[in-house]
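Reader: I want to learn how to read the inside and the surface of a fold. Can we work through one example?

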Amino acid sequence: MINRRSFLATTSVATLATVSAATHEFAAPSDKELKLALVGCGGRGTGATNQNLNTEKGLKLVAMADISRERMDKSLEILKKQHPAQVDVSLGNQFIGFDAYKEAIAQADLVLIASPQGFHPYHLEEA
């Protein structure tokens, strides 16, 4: 059960993690490719993923989760056009629904959480 104090602490950490992920570019060590999952495929999630895929190399989007198939399809289309070599999200790694984040997170080394803030504690705990 989440009480007010733990909710505030968790959402603060989740917000910092989201802002940090959105404003910093990640680069994998030269011998390893980092697998990225996107949770929340709206405009903010698509934009943050685009920014992070602008790294030199070593980062690949492999999984996505959202509650809307249409929003995910639009996001995936945009990201594939902008980063064809770094976007490899098979149909099996496209997860729809309120619990979809669990499946996407399990596929990745790094997670971008761009869902509504009320869901951040659950997504952060899973990550």
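Reader: Which residues is Met64 in contact with, leaving aside its neighbours within four places in sequence?

Author: This is a predicted model. In it, Met64 touches Leu38, Cys41, Met72, Ser75, Leu76, Leu79, Val89, Asn93, Gln94, Phe95 and Ala104.

Reader: Which residues have the most contacts inside the largest nonpolar core?

Author: Leu36, Leu61, Met64 and Val87 do, in a core of 16 residues. Strand 1 (34-39), helix 2 (43-53), strand 2 (59-66), helix 3 (69-82) and strand 4 (110-113) each give at least two residues to this core. A second, separate core has 13 residues, including Val62, Ala65, Tyr101 and Ile113.

Reader: How do I read the buried side of a helix?

Author: Start with the turn. An α-helix has 3.6 residues a turn, so residues three or four places apart point the same way. Now take helix 2. Its buried residues include Gly45, Thr46, Ala48, Thr49, Asn52 and Leu53. These lie on the same side of helix 2, because they cover an arc of only 165° around the axis.

Reader: Now the surface. Which residues form a nonpolar patch there?

Author: Ile67, Phe98, Phe119 and Tyr122 form one, with about 430 Å² of accessible area together. Phe119 sits in the loop between strand 4 and helix 5 (120-126).

How values were computed:
Residues numbered from 1 in each chain as written. Predicted model: local features only at pLDDT ≥ 70, side-chain atom pairs only at ≥ 80, totals over all residues. Heavy atoms only, no water. Core = buried A, V, L, I, M, F, W, Y, C linked by side-chain atoms within 4.5 Å. Buried < 20%, exposed > 50% of the residue type's maximum accessible area, 1.4 Å probe, protein only. Helix = DSSP H or I, 4+ residues; strand = E, 2+ residues; numbered from the N terminus. Contact = heavy atoms within 4.5 Å. Patch = residues over 30% accessible without salt bridge, like charges linked within 9 Å, V, L, I, M, F, W, Y side chains within 5 Å. Areas by Shrake-Rupley, 256 points an atom, 1.4 Å probe, with all protein chains shown as cover. Salt bridge = Lys/Arg side-chain N within 4 Å of Asp/Glu carboxyl O. Arc of directions from axis to C-beta.
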